[in-house]
Amino acid sequence: MNLPPRRVDAQAWTPVAVSQLESNALKVVRSTGHRSVLAGPGAGKTELLAQRAAFLLQTGACPSPQRILAIAFKRDAARNLGLRVAQRCQREHASRLDSVTFDAFAKNLLDRFGQALPPRWRPTPDYEILFPKVDVFREFLRSASESRDRVGTAAQVHAIVPGTFERRYVVAERLPETGWSSPSPALWAADAFWQHMLHDGRRSTLTFPMVGRLAELLLRVNDSARRAHALTYSHVFMDEFQDTTQVQYDLIHTLFLGTDAIVTAVGDIKQQIMRWAMAMEAPFDAFEGDFGARRIPLLNNYRSSPDLVRIQHVLAQALDAGAPPPVSKAPGTVSGDCCAVWDFPSPKAEARHLAKYMAAEMKAHGLQPRDFVLLVRQKADGYAQELAPHFEAAGLHLRNEDASAGALKLQELLTEELSVDCMLLLRVAMTRNAAAAWADALRTLEGLMPAGFDPSDANHRRLSKSLDDFASRLAQRYPDPPTSQKQAAALVGALAHFLGRDRLKAAHPAYAQGDWLAKVEDGVAQHLLSSSASASDWAAALDVYEGHDAVALMTIHKSKGLEYHTVVFVGLDDAAWWSYAREKTESTAGFFVAFTRAKQRVVFTYCPARGNRNDIQPLYALLAQAGVPTIRQA
């Protein structure tokens, strides 16, 4: 693609690498104030932010040396935005975008300035990250209830619900610099938990929400750090803003409110499925009220066919009665029903029919396995056991994205930076026609360089030669995919060494904690070995690793941000949706998210052997209202 020149007049600027943007999107791209962008499924949220970054960098609206801070929830989303900007801008422009996750941003702040916190809130420099299960909080509360120093009675501390203790008390509000005065029993327990995690061990242990709270506090008590960051970033992007937590919002509020930084928040409240993970009730309202942001809706849907978009709107109105009707910009390519509920007499009949149906559709329409996805609400392993034999019999491979590769789930492993980087290097070294992988690998190496790295042509050439030399040596040493765990581990070790473990830890803070980098290396090696077992060459092994030739099976939550030609939701029943009555809004939002992954067709399946469909009858009523038929299958 031909890139624009290094400087473009703002009036002459046009979108890069796309034919056009809808009028509201173009207004956001060119905006000079805070904007709250409500963008539904398929609206092109990532492309919007990429175009806004290109506009700001290419027109000088973000003048050097200032930078753009883009914050996402998932690492693959942060990586994707960075890649798109790199494809649309000159290197020296793209290098001024910091595309990171909230957790990585907060941790970087704490790592750099945490030792300036007041002693009561100061973690040890080598603190560990904890991913706690409810038992951690249950055991602490049991111990706290027996403390002689407790506030209130043992019964009052016992009454605190372990599963909501962190969300409701530990990180519910900004930390007071000198601690809570006259705390309730619950706040006393929260403070005791903080002090225990910070000071009772050889080194501190923190959850990521706790890291976020400490980062916000250090900006409040260290005004020079706050002002330095506010001056560094002229513009801030926040993606998937509907899932922002109070911890994350307070951090952005403390850092940027009242500064010259211009904030753009993008998301869709109808896709809020992270309430269980502390998502705010109404983040857009809070942002607009505090920052004076102007709300702008995006109405185009570039993903789904007109018939699917019509049904989506019926579902959307169940979540937001005032939701404006979206406009499909994608052609419909399937005949017959674009959406249906298929009733099966048994799970066996269901599995057999789905496998044959997908195989026939691929053959008839030239579709690939990765054009299809099987979504389930939970417990993917059980569904995989039922479905996989029938898919194999139909000549298809079913890939359970929730399966484990070492200490990681497969889908999580594939989004790990080390895994992505290893695949790029292996494609460069071991496969033909790897120009795109080579360009991405070079951008990765540049991104791993220390702060202050000059993206000059001379440095670009040096890194290019380093990449070429390494790829040549690797291809000579490993002409074939690995056949043993020892060989796979040695290969992944060589890749990690070339990338630089210290550079990986500096660029991706999670790798600096404990043995996480080693666990990811082990997961990559294990998955690479299993992917090589039936592969005839390197290209085939890497395709298996990335799942190019398999039908994916995953949970709704893991499907967010993805898209497929055909979505099959397996198990629309009370058992799978056991929490529907208690969490109706979030469950309906999950249902909406699952539906909106599809470009052309959606199928829901039901088997009476799995459960009734009484409790979730409102979901069936929505489908019926949209004219979705129920079809009995043999």
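Modeller: Let us first settle one convention: Ala, Val, Leu, Ile, Met, Phe, Trp, Tyr, Cys and Pro count as nonpolar, Asp, Glu, Lys and Arg as charged, and the others, Gly among them, as polar. Please keep in mind also that this is a predicted model.

Biologist: How many cavities of 30 Å³ or more does the structure hold?

Modeller: Rolling a probe the size of a water molecule over the atoms shows where empty space is left. In this structure there is one cavity of 30 Å³ or more, and the largest cavity has a volume of about 30 Å³. Its lining consists of Leu49, Ala70, Ile71, Ala72, Ala77, Ala78, Leu81, Ser99, Phe237 and Asp239. Two or more of the lining residues come from each of β2 (67-72) and α3 (75-88).

Biologist: How do the residues lining the largest cavity divide by class?

Modeller: Under the convention given above, eight are nonpolar, one is polar and one is charged.

Biologist: Let us turn to the pockets. Which residues lie nearest the centre of the second largest pocket?

Modeller: They are Gly40, Asp268, Lys270, Leu298 and Pro324, out of 23 residues that line the second largest pocket. The volume of this pocket is about 350 Å³. Its lining takes at least two residues from each of β1 (35-39), β8 (294-298), β9 (300-301) and α14 (306-319). Domain 1 (23-107 + 219-298) and domain 3 (306-405 + 551-632) each contribute at least three residues. By class, the lining of the second largest pocket contains 13 nonpolar, six polar and four charged residues.

Biologist: I now wish to read helix packing. At what angle do the axes of α6 and α9 cross?

Modeller: The axes of α6 (residues 134-145) and α9 (residues 185-199) cross at roughly 110 degrees and come within 11 Å. Angles of 65 to 115 degrees count as roughly perpendicular, so α6 is roughly perpendicular to α9. The crossing of α6 and α9 is right-handed.

Biologist: What are the angle and the handedness for α18 and α24?

Modeller: The axes of α18 (residues 417-430) and α24 (residues 538-546) come within 10 Å, with a crossing angle of roughly 160 degrees. An angle over 145 degrees counts as roughly antiparallel, so α18 is roughly antiparallel to α24. The crossing of α18 and α24 is left-handed.

Biologist: What is the phi of glutamate 240, and what is that of lysine 379?

Modeller: Glutamate 240 is not a glycine, yet its phi is positive, at about 50 degrees. Glutamate 240 sits in the loop between β6 (233-238) and α12 (246-256). Lysine 379 also has a positive phi, near 50 degrees, and this lysine lies in the loop between β12 (372-376) and α16 (380-393).

Note on methods:
Residues numbered from 1 in each chain as written. Predicted model: local features only at pLDDT ≥ 70, side-chain atom pairs only at ≥ 80, totals over all residues. Heavy atoms only, no water. 1 Å grid on protein atoms, 1.4 Å probe; cavity = no way out; pocket = protein on both sides within 12 Å on 5 of 7 lines; lining within 4 Å. Points joined across faces, edges and corners; volume = space filled by probe spheres on them. Helix = DSSP H or I, 4+ residues; strand = E, 2+ residues; numbered from the N terminus. Domains from an automatic or database assignment. Axes fitted to C-alpha atoms, helices over the stretch in contact; angles between N-to-C directions. Parallel < 35°, antiparallel > 145°, perpendicular 65-115°, else oblique. Left-handed = near helix turned anticlockwise from the far one by under 90°.
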